[in-house]
Every structure is written in structure tokens, then in C-alpha cells.
Amino acid sequence: MTSTEVTMSVNKIGFVGAGKLARVLTVGFIRAGILSAKDIIASAPTERDVEAFRDIGCPVTTDNKTVLKENPVIILAVKPQTLHSVVREIAPLVTRDHLIISPAAGITLRSIQNELPGRSRVARMMTNLAVEYREGATAFCQGRFMEEEDYETMMYLFSSVGYCFETPEGLMDVMTGLVGGGPAYMYVAIEALADGAVEAGVNRQDAIQLAARAVSGAAKMVLGTKQHPGELKDNVCSAGGSTIAGIFALERAGFRGALMEAVKASSERAKQVGVEAIKKGTYGGK
């Protein structure tokens, strides 16, 4: 589903936290045309922390509670280690009229719900920084007290900045490893491809451009043709050719396994973050 297929709108949203994720989502929403800068407010502890939002033209505040008073959709754009204190701070102002969205890795719906008034509407999501250019991917899961319209809200907001889909909460840690971390793995791949070209004599600027376009083009082929990546790879590899020689080198170096391990390691770390928060007594549930 895309944002144009959702027959609804969101008039205002608020970010508690004004870091990088909040900023790129804001830019993405504005570029998508679903919200204007004046409709997005962000809070952070100091005036310096909200400078980037002020530069965009958004209202800003150093009072988290102000965000709750003025907006029905709240995105808690803070680190997992500080989420619990923020949730407890805003809890007295949370009502059934609010949809609370948490992108914090590893922190479960139940643990957030237990800090808020009964029947609060809470969702978890994981996305990536490509939302700034409307090329992101967002996975979300619904809390038990969300309403039907909240699903529409999630789809409307996050499909406007890329691909959006619902997933069971049991897979949210995996989404951290794939959706959240995936771009970083590709940055390493782009850098390595460019390094290989530089070693062979290509200048750095051209090498990075070419490597980035190779990765971008491959992604567009997967999405556009809907063919299995293995099939597309085979289409490029002629018998005894240069590309299959390169693929053989990748397999010998453990490239495929390394990416699989990256997703696994990131997923496990996300889960560990949540467990550590519970062990420290910062949340009332699992």
C-alpha cells in the first residue's frame, strides 16, 4: 500500500527528540507533501538540540509536554537507553486521543504500554535514514489497544517516505538488523567496491559514483523486475566470464555469510538492548 492509496490525512505530528531520525523523517514528510514544516513540532533538552528543526521552519520547544498538548501523533525519537524516562515524563498527559510511536530498538510494546495509562495506543516501528529522500523502508507492529484508523495513520505517514509494511512484533528485532542496519552494510559495500576501483587506478570521486550507481541500479532491478536476486545475478554471469570470476572471489571471501551474520548480530544486539533495560528495572514488563 502507498500513501496515495490511504484515504486519510494527518494534520499535525510531534517529535519528542530532535535528533537525526526525527530530522530526516521531517524532511521526508515535507518532501512528500503530506505535512508542512509548521505542522511538525520537535522537542529536545536544549535550544542547541533543536536548531536543525528551527532551520527547517518547524516549531520547537525544550518542553516535551508541550508536544503532547498540541499533537495527536507522537513519535518518540529518542535512544532506547533514555526512552523509559521520557515515557514516564509524558505519561500523565497521554490520553486515548494520542497515538504514540516508538522507533527505539529492542523496547517492546508491552514495556512501553506498562509505563502509560491503560489502553494507550502504542505502535513500534523501525525505519532507516533513506526516508529523507523518500527511499526508506519502515516496518511496524501494532499495540493491543490501537484502533483501525491507527493502521491507516502508520501507512499514510511512512509509505509517503518509502516502503511500509506491518510485521509481527516477534520480528521487530530482525527488522532492526535488516531495515535499520541494511543501508550501513551497503555503504560498506559501496566503499569497498570503490576502493577496488581506486586500487586499479580509478579516481576516488568517479569510483564512489560508479559503485553507488551499481548498487542503486541493482536494487531498482530487483524491485522493478520482481525477479529473484539470484536469477538477476545469473543473467549477468556468462560462462567463464569476468563477473562469475568476481562472484567466485566474493564467495571465497565469505561475502554472503558476512551479510547474513551482520543481520543476525544487529538483531541480537537489538534484543539485548531491551533485555538490559528490563534487567535494570526501567520497565515494568517484558
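From which domains does the lining of the second largest pocket draw at least three residues each? In this predicted model, the answer is domain 1 (13–169) and domain 2 (176–270).

View 1. By class, the lining counts 13 nonpolar, 7 polar and 2 charged residues.

View 2. Look here for helix H1 (20–32), helix H7 (172–180) and helix H8 (182–199), each of which gives at least two residues to the lining. H8 provides the largest share, with 3 residues.

**View 3. Helices H7 and H8 side by side.** Two packed helices can be described by the angle between their axes and the distance between those axes. For H7 and H8, the angle is about 35° and the axes are 4 Å apart. Gly-177, Leu-178, Val-179 and Gly-180 of H7 meet Gly-182, Pro-183 and Tyr-185 of H8. This contact has 4 nonpolar and 3 polar residues, with no charged ones.

View 4. The whole structure contains 13 salt bridges. One of them joins the side chains of Arg-96 and Glu-147, at 2.7 Å from N to O. Arg-96 sits in the loop between helix H4 (80–90) and strand E5 (99–102), and Glu-147 in the loop between strand E7 (136–142) and helix H6 (148–159), so the pair ties together parts 51 residues apart in sequence.

Terms used:
Residues numbered from 1 in each chain as written. Predicted model: local features only at pLDDT ≥ 70, side-chain atom pairs only at ≥ 80, totals over all residues. Heavy atoms only, no water. Nonpolar A, V, L, I, M, F, W, Y, C, P; charged D, E, K, R; others polar. Domains from an automatic or database assignment. Axes fitted to C-alpha atoms, helices over the stretch in contact; angles between N-to-C directions. Contact = heavy atoms within 4.5 Å. Salt bridge = Lys/Arg side-chain N within 4 Å of Asp/Glu carboxyl O.
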